[in-house]
Amino acid sequence: MKIAVIGGTGLLGSNLIKLFKNYDVRAFSRNHSVNIEENVNNLIDFSNITIELGTYFNSWCPDLIINTVALVDLQKCEDDLPLANFSNYEISINLAELAKKNNSYFIHVSTDHYYNDGKYRHNENENVSLLNNYAKTKYKAEEAVLNIYKKSLIVRTNIIGFRKNGKESFFEWLINNMSKELNINLYENFFTSPISVNLLGGILLKCYKKCLVGIYNISSCESISKYDFGMKVSKRFSFDNKKIKKTILIQNESSIQRALTLGLNTSKIEKDLDLKMPKIEEVIDSLYYEYKKGD
Ligand SMILES: NC(=O)c1ccc[n+]([C@@H]2O[C@H](COP(=O)([O-])OP(=O)(O)OC[C@H]3O[C@@H](n4cnc5c(N)ncnc54)[C@H](OP(=O)(O)O)[C@@H]3O)[C@@H](O)[C@H]2O)c1
């Protein structure tokens, strides 16, 4: 099977490349990076993506294209809307068009950053609150991708893992601070359903095999606050939890508006794959084994 991972230098992209190493997997990124081998990472100019990838895909037609490109920094999305729009929307629609032309199965990785209603978990049809440019550009891409190409899977998720390219991921920050016994403030009013990138990668392949299309929540089946997540991680990794403090995310008019209750309901994917999504403890276990393996 031929798999194209777009954005091979990121948290998700770099881990998918390693996870899918037994397939013909190739990355397409704007740069090289320490977390991906150069021989699998093809550099492309994303402002000319239709021509550059179109030419490449004419001779190497991928069965599966996974879009992991995004501008995930909420502040940068507020400061530079054209860049957020380009990274989160325009690249996505160009990829959907290329996937359609090549009849490849298209996985577009979206977000969970849509809910601020205090509810514990949300299904795929729930009303969304688009509070910032990140959410707005990601949501616009979901709609456009499905309009362009019906054979697309839109994945709403919350990912956790090791980025290993110098830009610390949330989980790397957490583990590094815990291991150095530094103070850690974690929100008790910010909820997500995190899944490790490796568990997510395995599920994406099952979706491809079943040819699932449309919007799916793929995440942990539970929702947890950042504080409770940190406490569970400290226990599993045998770190002292005395330096972990509860804090409240308070929004005011000058701060970026963030959705706070992002938990996802995974019933739809569980039914269609006949597979339970992982509980939080299974997610932390998978991260623990990855950390111990340390490759
Ligand atoms: N991280 C999370 O907590 C989280 C939560 C929910 C959903 N998601 C979604 O999961 C997906 C993967 O996120 P991630 O955490 O892996 O992101 P990441 O680590 O920031 O990686 C993003 C990738 O996109 C590339 N990229 C960004 N802007 C680009 C542009 N204008 N042109 C070309 N390439 C560009 C980056 O390249 P460089 O390495 O060169 O910057 C990198 O390869 C995204 O769709 C994101 O919205 C993430």
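Tutor: Helices here are DSSP runs of H or I with at least four residues, numbered from the N terminus. The model is a predicted one. In it, α4 gives the largest share of the shell around the ligand, with three residues. The helices α1 (11-19), α4 (81-102) and α5 (133-148) each contribute at least two shell residues.

There are 26 residues around the ligand, and those that come nearest are Thr9, Leu11, Tyr134, Lys138 and Arg163. By type, the shell holds 11 nonpolar, 10 polar and five charged residues.

For Leu12, a backbone N or O atom is 2.8 Å from a ligand oxygen. With Arg30 the side chain is involved: one of its N or O atoms is 2.9 Å from an oxygen atom of the ligand. At Val109, a polar backbone atom lies 3.0 Å from a ligand oxygen. The ligand taken alone exposes 900 Å², and the protein buries 90% of that.

As for covalent links within the protein, a search of the whole structure finds zero disulfides. Cys61 forms none because its sulfur is 14 Å from the closest cysteine sulfur, in Cys211, too far for a bond. Likewise, the sulfur of Cys221 is 16 Å from the closest cysteine sulfur, that of Cys207, so a bond is ruled out by distance. Cys61 is partly exposed, at 28% relative accessible area, whereas Cys221 is buried, at 11%.

Methods
Residues are numbered from 1 along each chain as its sequence is written. This is a predicted model: local features need pLDDT of at least 70, side-chain atom pairs count only at pLDDT 80 or more; totals for chains, interfaces and linings use all residues. Side-chain values use heavy atoms; hydrogens and water are left out. A residue is near a molecule or strand if one of its heavy atoms lies within 4 Å of it. A polar contact is a pair of N or O atoms within 3.5 Å; within protein, one must be able to donate a hydrogen and the other to accept it, and residues adjacent in sequence count only if both atoms are side-chain atoms. Accessible areas come from the Shrake-Rupley method with a 1.4 Å probe; for residues, only the protein chains shown count as cover. Ala, Val, Leu, Ile, Met, Phe, Trp, Tyr, Cys and Pro count as nonpolar, Asp, Glu, Lys and Arg as charged, and the others, Gly among them, as polar. A disulfide is a pair of cysteine sulfur atoms within 2.5 Å. Buried means under 20% relative accessible area, exposed over 50%, partly exposed in between (1.4 Å probe, protein chains only).
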